[in-house]
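My entries follow in the order I made them.

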Amino acid sequence: MDDERQRFINTVGELLTSWNLSRATGRVYGYLLVSAEPASSDELRAALSLSTGAVSASIRELVSWGLARTIPQPGSRRLLVEAAGGFEQLLAASHERARAFVRTLRAGEDVVEGEQAVSRLRDVTDLFEAYIDSGDRMLRERT
């Protein structure tokens with residue numbers, strides 16, 4: 001793997017730690033983003049010098065975040081994995097998490113104490129609702 005590609009993969013690994021994903025998960029995602037074809041677990045393990053467990057956990061995390069998908073192989077238990085394609089798919093996954101957070105924030109309205117806390121909770125709820133609304137508008141404009 002050339003130095004520039006390796007640098008990109010490592011940078012994605014570092015950046016995704018700010019999303020509370022492991023560095024290994026970020027590196028797997030970086031690798032999948034720049035790969036022409038879906039990758040097997042063995043390929044990811046060898047290319048990134050990761051353990052089988054780290055690759056498996058990374059794939060599960062990426063799939064749960066909507067950042068990757070697995071592709072079953074006919075006649076085999078092995079799966080290939082590829083980065084999720086398209087802005088729409090990534091935004092939809094992000095929106096689902098944001099909607100779940102908004103539902104939780106709204107439930108918090110029943111337990112909030114004091115006007116300052118009420119205002120703060122509403123501000124955060126409004127922010128996430130605006131994020132979802134903006135993303136929905138972008139998706140409508142793209143279609």
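**Ground rules.** Helices (H or I, at least four residues) and strands (E, at least two) are DSSP runs, numbered from the N terminus. I am working with a predicted model, where local features need pLDDT of at least 70, side-chain atom pairs count only at pLDDT 80 or more, and totals for chains, interfaces and linings use all residues. Residues are numbered from 1 along each chain as its sequence is written, and side-chain values use heavy atoms, with hydrogens and water left out.

**Val-12.** I found Val-12 in helix H1. Val-12 is buried, at a relative accessible area of 10%; buried means under 20% (1.4 Å probe, protein chains only). I listed its contacts (heavy atoms within 4.5 Å). Leaving out residues up to four places away in sequence, Val-12 touches Gly-26, Tyr-29 and Gly-30. I also checked Tyr-31: 19 residues from Val-12 in sequence, 8.9 Å in space, C-alpha to C-alpha.

**Helix H2.** I checked its length. The 12 residues of H2 should span 16 Å, and its end C-alpha atoms are 17 Å apart, which agrees. The expected span is 1.5 Å times one less than the number of residues. Nine of the 12 residues are buried, so H2 is largely enclosed by the rest of the structure. Among the buried ones are Gly-26, Arg-27 and Gly-30.

**H2 against H4.** Helix H2 (residues 23-34) packs on helix H4 (residues 52-64) at about 75°, axes 9 Å apart. Axes are lines fitted to C-alpha atoms, for helices over the stretch in contact, and angles run from 0 to 180 degrees between N-to-C directions. H2 is therefore roughly perpendicular to H4, a label for 65 to 115 degrees. From H2 the contact uses Ala-24, Thr-25, Val-28, Tyr-29 and Leu-32; from H4, Ala-54, Ser-58, Glu-61 and Leu-62.

**H2 against H3.** Here I read an angle of about 105° and axes 11 Å apart. H2 and H3 are thus also roughly perpendicular to each other. Arg-27, Val-28, Tyr-31 and Leu-32 of H2 meet Glu-43, Leu-44, Ala-47 and Leu-48 of H3.

**Core.** Which residues have the most contacts inside the largest nonpolar core? I got Val-28, Tyr-29, Leu-32, Leu-44, Leu-48 and Leu-62, in a core of 20 residues. Such a core is a set of buried Ala, Val, Leu, Ile, Met, Phe, Trp, Tyr and Cys residues joined through side-chain atoms within 4.5 Å. H2 gives the most to this core, with five residues. I then followed Leu-44, whose contacts beyond four places in sequence include Val-28, Leu-32, Ile-59 and Val-81.

Conventions: Angles under 35 degrees count as roughly parallel, over 145 as roughly antiparallel, 65 to 115 as roughly perpendicular and the rest as oblique. Buried means under 20% relative accessible area, exposed over 50%, partly exposed in between (1.4 Å probe, protein chains only).
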